[in-house]
Amino acid sequence: ALGSPAQFDPDNTGYISTEKFRSLLQRHGSELDPHKLEVLLALADSNSEGRICYQDFVNLMSNKRSNSFRQAILQGNRRLCSKALLEETGLSLSQRLIRHVAYETLPREIDRKWYYDSYTCCPPPWFMITITIVEVAFFLYNGVVLDRFVLQVSHPLYLKNALLYHPQLRAQAWRYLTYIFMHAGIEHLGLNVVLQLLVGVPLEMVHGAARISFVYVAGVVAGSLAVSVADMRAPVVGSSGGVYALVSAHLANIVMNWSGMKCQFKLLRMAVALICMSFEFGRAVWLRFHPSAYPPCPHPSFMAHLGGVMVGITLGVIILRNYEQRLQDQTLWWIFLSIYIIFVLFAIFWNIFAYSLLDLKLPPPP
């Protein structure tokens with residue numbers, strides 16, 4: 001439908017003139033979403049070189065945006081003269097939800113419009129929903145088995161579960177991940193579930209399951225490894241490492257793009273998120289130093305929260321900063337990813353050698 005490159009680029013330079021570009025838009029404009037057409041026209045008007053990459057245009061018509069196009073529309077962004085997406089009326093409930101998500105997570109109007117027209121809810125935000133359902137299911141199962149739903153962590157049989165991280169069983173590598181399915185109690189689970197659904201689901205709707213699951217899992221692994229390095233005698237439970245990675249990345253992204261974030265009540269939202277995080281972290285600190293129900297093993301550590309925050313404000317911010325931009329082309333991404341890999345390798349060697357070299361007296365295995 002677009003025509004061959006030779007038709008618009010007879011010299012095979014890879015570029016077409018802005019005049020031919022505009023003629024293509026006029027010919028196919030009725031097939032495009034109005035916001036996408038507006039962005040493309042802004043690109044044509046703002047291009048000072050008089051030519052546009054043909055492959056970029058083909059990708060765009062196929063709903064793919066390249067980095068070179070992203071850079072080009074930064075110039076065209078000033079020429080978007082129609083009303084903001086927030087001002088449009090007559091939208092259905094699903095359309096208003098998608099618009100709300102766009103304004104909650106994206107700082108630029110040009111990205112909001114593109115996302116609004118491109119989002120199809122296929123696939124749905126399956127990762128955050130699935131991980132939440134599994135966490136709740138494991139909690140309910142443990143509640144029935146232990147006959148306790150509040151402060152399950154104080155039950156004598158709690159540590160015998162094969163999922164949580166215990167320093168004596170640190171050689172069982174799966175525990176560095178599966179500890180997220182064990183929670184200290186219903187208050188612990190409740191705050192984590194609320195935060196990861198309210199923050200994680202909208203983020204996954206915009207950035208996709210691959211990016212969000214990476215931030216979440218990276219926060220989980222960093223959390224358990226941080227405990228194994230900084231709080232070596234303590235076990236770990238709960239999904240706070242992953243939750244704090246997502247929430248801290250989102251909040252940092254809002255702060256860094258404050259003027260562009262047009263979401264309503266952003267101050268209130270930040271305050272509520274910070275209060276919930278502070279309350280949950282304070283509960284974890286109190287529990288860690290509270291007399292243990294199974295001495296000499298202490299209650300679970302709170303260091304996983306801090307590990308998650310560090311992942312969120314480094315890797316997480318880079319992943320959430322640019323909508324639909326390839327991470328492989330971002331220098332900061334490679335820097336922070338290298339730092340994360342170095343930390344993981346350091347923690348692995350620490351777990352292998354440091355415990356014996358320090359002659360640390362660990363609590364007995366459960």
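The chain has a mean pLDDT of 83, and 80% of its residues reach 70 or more. pLDDT is the predictor's confidence in each residue, from 0 to 100. This is a predicted model, so local features need pLDDT of at least 70 and side-chain atom pairs count only at pLDDT 80 or more, while totals for chains, interfaces and linings use all residues. Residues are numbered from 1 along each chain as its sequence is written, and side-chain values use heavy atoms, without hydrogens and water.

Helices are DSSP runs (H or I, at least four residues), as are strands (E, at least two), numbered from the N terminus. Over residues 75–81 pLDDT stays under 50, and the model has 12 contacts there beyond four places in sequence; contact means heavy atoms within 4.5 Å. Where pLDDT is low, the predicted coordinates should not be read in detail.

Now the rings. Rings of Phe, Tyr and Trp (its six-membered ring) pair if their centres lie within 6.5 Å; planes under 30 degrees apart are stacked, over 60 edge-to-face, the rest tilted. The count comes to 11 aromatic pairs. Tyr165 and Tyr176 form a tilted one, 5.1 Å centre to centre with 55° between the planes. This pair links distant parts of the chain: Tyr165 lies in the loop between helix H8 (126–146) and helix H9 (175–178), Tyr176 in helix H9, 11 residues apart. Trp126, Phe127 and Tyr216 form one aromatic cluster.
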